[in-house]
Amino acid sequence: MTQQERTTATAAGVYDWYLNGHHHLPCDAEVAIAAQKIFPLAGRVARYNRDFLQRVVRWMTGHGIRQFLDIGSGYPVAGNVHEIAQRYAPGSRVVYVDLDPRTVEVSNDLLAGEPDAACLLADAREPEAIFERAGLLDFGEPVGLLMVSVLPFVPGDVRPLVRRYLDRLAPGSYLALTHITTPEDEGLQRKQEDVRDTYNAKVRQSAQVRGRAEVAALFDGTELVPPGLVLATHWNPPRGYLPDPGDQASAVLLGAVGRVLSGA
């Protein structure tokens, strides 16, 4: 199926629309707009997620990480992992992974001429296959594992899956992830449920919400780095950032980074 033939929205396409990218199709825009009508801040959540990813990559390069594995990377937009990593640590190597063939095709077209970055077509639920094919990376050395807003699209108990990734990483590696969570405000909870129902009815990959305790459990075997598991906007924010207690977009997205321990 070509990009022009696709008529069912994908998570990557909807996310690309929210980030003002250039690779979404009308079916993606339709879902994004419908969700935004229910929760007008949906696009802001996507931007917060992207901002977290970029801050994490900068932080990891500052802590010695020179290779990254980005699971569920989606369509490339400005400020990709390899661009950020190589800006702060030239020579950093990046492997992107996505399940959608068109997303991988577009990514590799844009990565042509980038010897230190590539995109693999693979399923996030099959880490062993990903590790076998990610030849750019040396898994005997620390890696920055990025699972930013990918786990909401994996059903069931994802703790064993995350553990399979962590078991293959060298001590000193880092796991960074974000996850949609249930906000405390009941009115916002209802909006979130409506958005999820709208999204899941029209997108290939259905999304689910996990509570704070469920997200925290994903970091078992790691040591959370300060400030721990927090709203993604609160994780090492830019200097001068002032949290807004009334920011509903911020209230639905958790983020954290954990350092992989010896024998994790």
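By a nonpolar core I mean a set of buried Ala, Val, Leu, Ile, Met, Phe, Trp, Tyr and Cys residues joined through side-chain atoms within 4.5 Å. Buried means under 20% relative accessible area, exposed over 50%, and partly exposed in between, with a 1.4 Å probe and protein chains only. What you see is a predicted model, in which local features need pLDDT of at least 70, side-chain atom pairs count only at pLDDT 80 or more, and totals for chains, interfaces and linings use all residues. Residues are numbered from 1 along each chain as its sequence is written, and side-chain values use heavy atoms, with hydrogens and water left out.

The largest nonpolar core has 33 residues, and Leu69, Ile71, Met147, Leu151 and Tyr165 have the most contacts inside it. Two or more residues each come from strand S1 (67-71), strand S2 (93-98), helix H6 (127-133), S4, H7, strand S5 (174-180) and S8. Helices (H or I, at least four residues) and strands (E, at least two) are DSSP runs, numbered from the N terminus. H7 gives the largest share of this core, four residues.

Take Tyr165. Leaving aside neighbours within four places in sequence, Tyr165 is in contact (heavy atoms within 4.5 Å) with Ile71, Ala124, Pro127, Ile130, Phe131, Leu145 and Met147. Another core, of 31 residues, lies apart from that one, and Trp59, Tyr96, Val230 and Val257 are among its members.

Now helix H3, residues 42-62. How far apart are its end C-alpha atoms? They are 31 Å apart, which agrees with the 30 Å that 21 residues should span at 1.5 Å a residue; the expected span is 1.5 Å times one less than the number of residues. Of those 21 residues, 16 are buried, so H3 is largely enclosed by the rest of the structure. Gly64, which follows H3, has a positive phi, near 90 degrees.

Where does H3 meet helix H4 (residues 81-88)? The contact is made by Leu53, Gln54, Val57, Arg58 and Thr61 of H3 and by Val81, Ile84, Ala85 and Tyr88 of H4.

Last, the loops. Pro226 and Pro227 are joined by a cis peptide bond, with omega about 10 degrees. Pro227 sits in the loop between strand S6 (222-224) and strand S7 (230-231). Ser149, in the loop between strand S4 (144-148) and helix H7 (159-166), is not a glycine but has a positive phi of about 55 degrees.
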